[in-house]
Amino acid sequence: MYEFWIFITASLIATSCALVGSLLILRRMSMLGDAISHSVLLGIVLVFILFGQTNVIWLLSGAVLVGLLTAWLSEWIHQKAAVPADASLGLVFTWLFALAIILIAVYADHVHLDHDHVLFGEMAFIPFNTLHAFDINWGPKAFWLSLGVLLINLVVIGFAFERFKLSSFHPLLATTLGISAAFWHYMLMSLVSITAVASFDAVGSILVVALLVIPASTAYLFANSLAKMLLYSVLFAQAAVLIGLGLAAWIDSALSASMGVAAGLLLLISLLIKRLQQARHTAHIASKL
């Protein structure tokens with residue numbers, strides 16, 4: 001059961017990251033996912049300092065607000081100060097993340113808000129932090145939190161699939177049809193924020209960023225529709241989890257790092273396969289000329 005809880009929790013987190021990451025990739029906003037996954041730490045810290053709360057609902061609320069602040073502030077600086085979009089994003093998220101680290105050191109150094117743990121995570125501890133209710137051990141808290149976040153992502157993306165698709169591929173057409181592209185943009189930012197903070201304690205922000213970007217980028221090489229891209233990204237994310245677990249057991253390395261490496265290897269292999277397919281296609285066309 002020890003390995004099972006680690007695997008199933010990592011699978012749930014990978015699925016959530018793959019779903020929202022696909023939408024970020026299509027909108028060319030993958031680095032915004034990186035920014036939000038770091039800056040939401042400030043929301044967690046402020047909730048603890050201001051309200052003394054470590055309840056997951058409070059933490060998620062603080063993370064969502066700071067995630068939305070990151071997206072809005074970077075866009076505001078880009079428009080008002082004529083700063084390039086990537087530069088304004090880098091400015092905002094690094095400043096907010098640095099501020100969070102300082103606040104942890106000054107006001108929360110005596111509690112479990114360790115910045116190393118947030119960055120790197122420790123998946124080996126997942127089975128030990130369990131949920132007890134009605135005199136029953138329901139399993140790891142990380143499992144139930146990851147499951148809840150995945151259900152939220154599935155419900156929102158499933159309900160608004162056409163809106164997300166239209167606002168991702170044709171934002172001007174979406175606006176013409178009365179669909180608020182800005183609303184669905186910030187809805188996506190909310191999903192990214194929730195997914196990131198729910199995954200912090202289990203896998204750390206570095207693996208969250210990897211799972212947001214790499215499986216979706218790999219799926220982008222083969223998919224020709226949004227539905228297929230969502231499906232392929234989830235499959236690649238699950239493959240990264242399985243290969244990462246095997247790699248970690250083989251070389252006795254950190255689980256999160258092994259999964260990130262596995263995701264990168266899958267992307268490299270996919271690039272080679274895609275390149276070979278293109279070369280064969282070109283050779284086939286040339287043979288007919």
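Predicted model: local features only at pLDDT ≥ 70, side-chain atom pairs only at ≥ 80, totals over all residues.
1. Helix H3 covers residues 56–80, which makes 25 residues. From its first C-alpha to its last, H3 reaches 35 Å, close to the 36 Å expected at 1.5 Å a residue. The buried residues of H3 are Leu 59, Leu 60, Gly 62, Ala 63, Val 64, Val 66, Gly 67, Thr 70, Ala 71, Ser 74 and Ile 77. Just after H3, Ala 82 has a positive phi of about 55°.

2. Helix H4 runs over residues 85–107 and has 23 residues. The distance from its first C-alpha to its last is 33 Å, close to the expected 33 Å at 1.5 Å a residue. Buried positions in H4 are Ser 88, Leu 89, Val 92, Phe 93, Leu 96, Phe 97, Ala 100, Leu 103 and Ile 104.

3. Thr 70 is a residue of helix H3. Its relative accessibility is 0%, so Thr 70 counts as buried. The side chain of Thr 70 makes a polar contact with the side chain of Ser 39, at 2.7 Å. Not counting residues up to four places away in sequence, Thr 70 touches Ala 35, Ile 36, Ser 39, Val 92, Phe 93 and Leu 96.

4. Met 189 is in helix H9. Met 189 counts as buried because its relative accessibility is 0%. Apart from neighbours within four places in sequence, Met 189 is in contact with Leu 24, Met 29, Leu 32, Ile 36, Leu 68 and Ala 71. Ile 36 is also one of the residues that Thr 70 touches, and Ala 71 is among the buried residues of H3. Met 189 and Leu 69 are 120 residues apart in sequence, while their C-alpha atoms are 9.7 Å apart in space.

5. Phe 4 lies in helix H1. At 41% relative accessibility, Phe 4 counts as partly exposed. Between Phe 4 and Pro 127 there is a separation of 123 residues in sequence and of 9.0 Å in space, C-alpha to C-alpha.

6. Rolling a probe the size of a water molecule over the atoms shows where empty space is left. The structure holds one cavity of 30 Å³ or more. The largest cavity contains about 30 Å³ of space. Its lining consists of Leu 12, Ile 13, Ser 16, Ser 146, Val 149, Ala 198 and Ser 199. Helix H1 (2–26), helix H6 (141–159) and helix H9 (181–220) each supply at least two residues of that lining. H1 gives the most, with three residues. By class, the lining of the largest cavity has four nonpolar, three polar and no charged residues.

7. The second largest pocket has a volume of about 510 Å³. It is lined by 20 residues, and the closest to its centre are Arg 27, Met 29, Leu 32, Glu 75 and His 185. Helix H2 (30–51), H3, H4, helix H7 (161–169) and H9 are the elements that give two or more residues to this lining. The lining of the second largest pocket divides into 10 nonpolar, six polar and four charged residues.

8. Two loop residues have backbone angles to check. Arg 28 has a phi near 55°, a positive value in a residue other than glycine. Arg 28 sits in the loop between H1 and H2. Its relative accessible area is 80%, so Arg 28 is exposed. Asp 252 likewise has a positive phi, of about 55°, although it is not a glycine. Asp 252 is placed in the loop between helix H10 (226–251) and helix H11 (255–288). Asp 252 counts as exposed because its relative accessibility is 70%, and the cut-off for exposed is over 50%.

9. Helix H11 has 34 residues, so at 1.5 Å a residue it should span 50 Å. The end C-alpha atoms of H11 are 50 Å apart, which agrees. Within H11, the buried residues are Leu 255, Ser 256, Ser 258, Met 259, Gly 260, Ala 262, Ala 263, Leu 266 and Ser 270.

Definitions and conventions: Residues numbered from 1 in each chain as written. Heavy atoms only, no water. Helix = DSSP H or I, 4+ residues; strand = E, 2+ residues; numbered from the N terminus. Expected span 1.5 Å × (residues − 1). Buried < 20%, exposed > 50% of the residue type's maximum accessible area, 1.4 Å probe, protein only. Polar contact = N/O pair within 3.5 Å; in protein donor to acceptor, adjacent residues only side chain to side chain. Contact = heavy atoms within 4.5 Å. 1 Å grid on protein atoms, 1.4 Å probe; cavity = no way out; pocket = protein on both sides within 12 Å on 5 of 7 lines; lining within 4 Å. Points joined across faces, edges and corners; volume = space filled by probe spheres on them. Nonpolar A, V, L, I, M, F, W, Y, C, P; charged D, E, K, R; others polar.
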